[in-house]
Amino acid sequence: MSEVPSAPASIGVLTSGGDASGMNAAVRAVVLTAAFHGIEVYAVHEGYRGLVAGGDLIRRVQRGDVDGILQRGGTAIGTARSDKFRTREGRRTAARNMVERGIDALVVIGGDGSLAGANVFRHEWTGLLAELVEAGEISAHAAQRHPFLRLSGVVGTIDNDMSGTDMTIGTDTALHRIVDALDALQSTAASHQRTFVVEVMGRNCGYLALMSSLATAASWVFIPEQPPTGDWQKQMCADIRAGRAIGRRHSVVVVSEGARDRDGNPITSDGVRTLLEDELGEDVRITVLGHVQRGGPPSAFDRYLATLFGHHAVERLLADEPQAPAQVVGLQGNRVVCAPLVECVQRTQAVADRVKSQDYEGAMRLRSSSFRESCRILQTFQQHAARPVPSDRQFRVGIIHGGGPAPGMNTAVRAAVRLGLDRGWAVMAVNNGFRGLRDGDVQEMSWMDVSGWVSEGGADIGTNRFLPDAAALAEIAEQVAAHRIDALLMAGGWAGYRAAHELHRHRQQHPALDIPMVCMPITINNDVPATELSIGSDTALNSIVADVDKIRRSAVATRRVFIIEVRGHDCGYLAHVSGLATGAERIYLPEEGITLRDLTTDVYDLAESFRAGKRVGVVVSCEGTDRIYTSDFITSLFQKEGGDVFDAREEVLGHTQDGGGPSPFDRIQATTMTARSIEFLAEQLESGGRAAAMIGFQSGQLLFTDLTRYPDLVHEDVQRPVHQHWMQYRGLAGVMRD
Ligand code: ADP
């Protein structure tokens, strides 16, 4: 018996099913990772159609071939549906095409259909090869050299309907497109006091409809998994009318294309329009977003996610036994994980089956807990005003910022005000951070005070880096008592955490400060403890990525290296993710620092690449990487040493990173995190507890960490958390160099 080869001979990569933005980044990552390991890669063009047709549709690819595809939407290698591949005969031809080229491993990037098809193919492989040998189409020796088909699946579909991963490639970009469209519609709808019905994609999965509604404060949403109950027609019209009565100028109803009522009848955008026109007696307009949702350049998150997925898909092919079951690469709780492909496909199809058979509760149970929670939170926001609650139950809760302004702060204040009012609390906004609290600059908020804040950048109630000293703490305690603040929600960054911790630390000295408190992470730097992600950083990343795209394009005619300095203080998160998401040649982080030896090696390596044909180079450096080897210094060094091979330019991206409207992800996280924080404060207030905590994402869950642990979780001298989960993916930068 011949020995089973321990590594795949050559890897084929294909994109299949509906296209999704970010697929190119995944293909690039597959090619670069395979090249890193010295393994040949073939790009299979036009999905399974190309695999069956063979010929020029299956082409060798080298590192240079994937240069510049990372930032492009769609899929550069094409996708198609193939009826031939659904037949055994078609798959036999596909197997022959692969064996002829020595390909015995596949990375399939597509939806559940594509992955299911790949798995059928994998199971049949040995049989198909035997048939090919018998028919004389391949030699027995060739069949022996490729006894198994190794398979890794990467989920690329905008629907986010795949089990085994929290996010699929393309979903975040689609959300960007939808949220941009809904924002634009809100402003025109407000000008005319008009109602819009907007249809978004999602046959069996309401993810896009639900999350875009949460991110834009839509009035109503219809999703396949949760048909409306009771006399929903009457309720919807009553809610929209009531919203108008308290000053809401626009209404947007979002309909998922697969929405149904309890009896399984489709709820269509046309039907909703007719209903609203008849009941409200006004013009209602329909917008069907259609294929716009698929297109456009991938978001920062999709580029990063696809890069991680493509890389791990290849690593998994190399690590597994050749006969090991196929795996799907996914993201669970911010970590790349693999799950058996068969189970993921089966669970995904089970949700669709339950929706079809009208077992909606069953379908919802199979959705993630965050999906269910988002449904619940959205229901509260859809109310036009808070329910009246007896005044004797009223608590007075303050919301305050600390640290630099970050996208998502206004979103959080809006959520806190409305969710607090909904519980019958008085919600007090503290203006200008802890300095404002010292000065008693506190104002009670009403439901409509925060209208429109869901999508606004900046921090309307003000924020700063004020850190109270002993005298200020005493004054703050007086103000907290004077305003009868029973609990405090601090939504901000590093300085906010420090200030809140100071208040908590002095609670025995100042009993007025012995109140429940939550610190919520909103800072672009992602440098606060007890969370893997902070709100605001996603918006900053998208801003960086958009700028780097422009910078790259500005240099097509010259040979140039850009040294791009991004924010982050002493935390390299923005540099790490944006570097990978833009295909940077080098990424410099404060966590590692930089030496003259690094710089020398890098400048000569870059010169080598330019001599071999490179035209643009990007180096991303965090502002706090090195006090001596600043971006300015690096640029001068590169300029001098680049000689006549390339020149160097510095770009400091600055404040565009913390301005701008929050991204869909930041809006959704700001809203759901605030909801959980309010629940925490409610539990404390109602039980007489006085706990203070930091809320954060940890392994995919929203968890609270005792605020007293703050000093143990940070490096105070360098301003970053002791544990930074993303550093585990740092090694990718060395693999992903074009
Ligand atoms: P998606 O991957 O987006 O769910 P489809 O369901 O349309 O898209 O599948 C894409 C292609 O995958 C199909 O055109 C077909 O070639 C292949 N495919 C899907 N299901 C199977 C299957 N059960 N057996 C073989 N091939 C399949």
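The largest cavity is lined by 14 residues, and Arg-150, Leu-151, Leu-317, Asp-320 and Ala-324 lie nearest its centre. Here a cavity is a set of points, on a 1 Å grid over the protein atoms alone, where a 1.4 Å probe fits but cannot get out, and lining residues have an atom within 4 Å of a point. Two elements give two or more residues to this lining, strand 5 (150–155) and helix 10 (300–319), with strand 5 making the largest share at three residues. Helices (H or I, at least four residues) and strands (E, at least two) are DSSP runs, numbered from the N terminus.

Before we go on, a word on the model: it is predicted, so local features need pLDDT of at least 70 and side-chain atom pairs count only at pLDDT 80 or more, while totals for chains, interfaces and linings use all residues. Residues are numbered from 1 along each chain as its sequence is written, and side-chain values use heavy atoms, with hydrogens and water left out.

Back to the largest cavity, whose volume is about 80 Å³. A volume is the space filled by probe spheres set on the grid points, which are joined across faces, edges and corners. The lining has seven nonpolar, two polar and five charged residues. In this scheme Ala, Val, Leu, Ile, Met, Phe, Trp, Tyr, Cys and Pro are nonpolar, Asp, Glu, Lys and Arg are charged, and the others, Gly among them, are polar. The model holds four cavities of 30 Å³ or more.

Now let's turn to the ligand, which sits in the second largest pocket. A pocket is an open set of points with protein on both sides within 12 Å along at least five of seven lines, and a molecule sits in one if more than half of its atoms lie within 2 Å of its grid points. This pocket has a volume of about 820 Å³. Its lining counts 32 residues, with Gly-17, Arg-81, Asp-112, Gly-113 and Ser-114 nearest the centre. Helix 4 gives the most to that lining, five residues, and helix 11 (341–356) supplies at least two.

Around the ligand itself are 14 residues, of which Arg-81, Ser-82, Gly-111, Gly-113 and Ser-114 come nearest; a residue is near if one of its heavy atoms lies within 4 Å. Helix 4 (residues 112–134) brings four residues, the largest share of this shell. By class, the shell has two nonpolar, eight polar and four charged residues.

Finally, look at the ligand's oxygen atoms. One is 2.3 Å from an N or O atom in the side chain of Ser-114, and a backbone N or O atom of Ser-82 lies 2.7 Å from a ligand oxygen.

Notes
Polar contact = N/O pair within 3.5 Å; in protein donor to acceptor, adjacent residues only side chain to side chain.
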